[in-house]
Amino acid sequence: MDVSATLVMALPYYLMTVAMWGTAAACVAAVHIGIRPPWVLLLGAAAALLGAAMFLMGATVGPNGHLNRAAVAVPIRAL
């Protein structure tokens, strides 16, 4: 499998990573501006953790991913 096929397989995970980190940033901005109450920061933290898990899954996509899946299986499950 060539590199471009691996990147195409990882693309959905990386898109979800950017979406989750953007959601976390929007939650922080909304609380900072005063639009939302402070408990919304918990939702932002959850979105940031989900984004980190998606990033780790994206890095292990394909038969020869960027990382060995066994090396990051425990952190992914923990997140």
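Modeller: Let us begin with a term. Helices are DSSP runs of H or I with at least four residues, and they are numbered from the N terminus. Please keep in mind that this is a predicted model. With that naming, Ala24 is found in helix 1.

Biologist: Is Ala24 buried or exposed?

Modeller: Ala24 counts as buried because its relative accessibility is 10%, and buried means under 20%.

Biologist: Which residues does Ala24 touch?

Modeller: Leaving aside residues up to four places away in sequence, Ala24 touches Gly44, Ala47 and Ala48. Of these, Gly44 has its place in helix 2.

Biologist: What about Gly44, then: buried or exposed?

Modeller: Gly44 is buried, since its relative accessible area is 5%. Gly44 touches Ala24 and Cys27, again not counting residues up to four places away in sequence.

Biologist: Where does Thr17 lie?

Modeller: Thr17 lies in helix 1, which covers residues 3-33. With a relative accessibility of 3%, Thr17 counts as buried.

Biologist: And which residues touch Thr17?

Modeller: They are Gly51, Met54 and Phe55, when residues up to four places away in sequence are not counted.

Biologist: Let us turn to helix 2. Where is Leu43 found?

Modeller: Leu43 is found in helix 2, which runs over residues 40-59. Leu43 counts as partly exposed, because its relative accessibility is 48% and the range for that class lies between 20% and 50%.

Biologist: Which residues form the nonpolar patch on the surface?

Modeller: The patch is formed by Trp39, Leu42 and Leu43, and together they have about 380 Å² of accessible area.

Biologist: What comes between helix 2 and helix 3?

Modeller: There is a loop, and Thr60 is found in it. Thr60 is buried, because its relative accessible area is 3%.

Biologist: What lies 3.0 Å from a polar atom of the Thr60 side chain?

Modeller: That is the backbone oxygen of Met57.

Biologist: Now helix 3. Which of its residues are buried?

Modeller: In helix 3, residues 69-78, the buried residues are Val72, Ala73 and Ile76. Viewed down the axis of helix 3, these buried residues fall within an arc of 140°, so they line one face of the helix.

Biologist: Why would residues some places apart point the same way?

Modeller: An α-helix has 3.6 residues a turn, so residues three or four places apart point the same way.

Biologist: Which exposed residues are on the face turned away from the buried side of helix 3?

Modeller: That face carries Ala70, Ala71, Val74 and Ala78.

Biologist: What covers the buried residues of helix 3?

Modeller: The cover includes helix 2.

Biologist: How many residues apart in sequence are Val72 and Ser4?

Modeller: They are 68 residues apart in sequence, and their C-alpha atoms are 23 Å apart in space.

How values were computed
Residues numbered from 1 in each chain as written. Predicted model: local features only at pLDDT ≥ 70, side-chain atom pairs only at ≥ 80, totals over all residues. Heavy atoms only, no water. Patch = residues over 30% accessible without salt bridge, like charges linked within 9 Å, V, L, I, M, F, W, Y side chains within 5 Å. Areas by Shrake-Rupley, 256 points an atom, 1.4 Å probe, with all protein chains shown as cover. Salt bridge = Lys/Arg side-chain N within 4 Å of Asp/Glu carboxyl O. Helix = DSSP H or I, 4+ residues; strand = E, 2+ residues; numbered from the N terminus. Buried < 20%, exposed > 50% of the residue type's maximum accessible area, 1.4 Å probe, protein only. Arc of directions from axis to C-beta. Contact = heavy atoms within 4.5 Å. Polar contact = N/O pair within 3.5 Å; in protein donor to acceptor, adjacent residues only side chain to side chain.
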